[in-house]
Amino acid sequence: MHTPASMVMGIVFAPLGLVLVFTAAITPQWREGRARLGMTGPLLRSGVKGQGTGVKSGSMEALLLLRSDGLWESCLQVDHSELKQCWPVSGPYQRDPRVRLAQGLILTSLFLCGTGIVLACIGVRCWTDIPLRGVAATGGLLVVMAGLLSLTALGVYTHNLGRLGIVDPSRGINNPRFPHLSLHPAGSLYFGWLGSCLQVLGGSALLFSFKRPKCATCPSCPELPACPSCEITNKPETDVYEVSC
């Protein structure tokens with residue numbers, strides 16, 4: 001069987017989009033921020049000097065802290081060192097309804113996309129002559145819905161990126177522990193955007209499976225508008241020849 005190009009495109013793009021969205025979901029780089037924190041010598045000597053940063057004891061130095069947040073994990077790292085600590089999201093950030101909305105949408109998207117890919121694989125049936133077009137198209141519809149849910153989650157998070165977890169919006173993103181912390185989109189968001197777009201493209205391609213190809217009248221089934229196998233056609237007063245639909 002000659003598999004239609006739309007099915008091939010969908011069966012390739014949909015799993016790739018699923019992998020990218022899953023990668024974005026589990027990595028803690030949805031947003032990042034940098035802050036300079038003044039620290040005294042004894043604390044630096046005990047926590048940082050052992051990492052080879054060359055900080056002098058007894059002096060006042062500014063540490064550059066890198067803060068990153070994901071949907072389920074947050075991390076804090078000292079720049080130019082191996083000091084890094086990660087923990088499950090907690091506090092106001094975890095309780096923020098917009099973060100919880102994004103979590104729910106991403107989980108639903110992953111489930112729908114996985115289910116759609118299974119249905120698409122069953123519908124394409126490359127090992128047989130006739131694909132199950134309705135099943136493949138249904139899988140494509142689920143993949144499109146998954147992509148739209150992912151895009152919605154990413155849009156909500158990106159639009160409110162600087163306000164997530166802030167109890168008092170009038171105070172902005174400044175924190176006594178991390179002064180002058182400026183937040184910006186990070187790599188996981190870009191993986192999510194790319195994966196969601198691939199899901200929508202792959203699912204849309206599978207949706208074209210609803211349309212059956214139109215072939216000439218089949219000699220074995222002249223009453224059918226489309227030949228089931230679409231392999232051999234016989235026209236009156238002409239030679240028998242092969243066509244590929």
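A salt bridge is taken here as a side-chain nitrogen of Lys or Arg within 4 Å of a carboxyl oxygen of Asp or Glu. In this predicted model, the count by that rule comes to 3 salt bridges. One of them joins the side chains of Asp-69 and Arg-31, with an N to O distance of 2.9 Å. The pair connects distant parts of the chain, since Asp-69 lies in strand β2 (residues 61-69) and Arg-31 in strand β1 (residues 31-39), 38 residues apart. Both Asp-69 and Arg-31 are buried. Asp-69 also forms a salt bridge with Arg-67, where the closest N and O atoms are 3.1 Å apart. The relative accessible area of Asp-69 is 1%, and Arg-67 counts as buried because its relative accessibility, 19%, falls under the 20% limit. A further salt bridge pairs Asp-96 with Arg-98, at 3.0 Å between the closest N and O atoms. Asp-96 is buried at 6% relative accessibility, whereas Arg-98, at 25%, is partly exposed. Through shared partners, Arg-31, Arg-67 and Asp-69 form one network of salt bridges.

The protein as a whole contains 6 helices and 7 strands, arranged along the sequence as α-β-α-β-β-β-α-α-α-β-α-β-β. Of its 245 residues, 38% count as buried. Among contacts with a separation of 6 or more, 67% are between residues 24 or more positions apart. The accessible surface is about 13,600 Å², and 63% of this area belongs to carbon and sulfur atoms.

Helix α1 covers residues 5-26. At 1.5 Å a residue, its 22 residues should span 32 Å, which agrees with the 32 Å between its end C-alpha atoms. The buried residues of α1 are Met-7, Gly-10, Ala-14, Gly-17, Leu-20, Val-21, Ala-24 and Ala-25.

The largest nonpolar core has 18 residues, of which Trp-30, Leu-71, Tyr-93, Ile-106, Tyr-157 and Leu-189 touch the most other members. Helices α1, α4 and α5 each supply at least two residues of this core, and the largest share, 5 residues, comes from α4. Leaving aside residues up to four places away in sequence, Ile-106 touches Val-21, Ala-25, Trp-30, Leu-71, Ser-150 and Ala-153. A second, separate core of 7 residues includes Ala-14, Cys-113, Leu-142 and Ala-146.

Definitions and conventions:
Residues numbered from 1 in each chain as written. Predicted model: local features only at pLDDT ≥ 70, side-chain atom pairs only at ≥ 80, totals over all residues. Heavy atoms only, no water. Helix = DSSP H or I, 4+ residues; strand = E, 2+ residues; numbered from the N terminus. Expected span 1.5 Å × (residues − 1). Buried < 20%, exposed > 50% of the residue type's maximum accessible area, 1.4 Å probe, protein only. Core = buried A, V, L, I, M, F, W, Y, C linked by side-chain atoms within 4.5 Å. Contact = heavy atoms within 4.5 Å. Areas by Shrake-Rupley, 256 points an atom, 1.4 Å probe, with all protein chains shown as cover.
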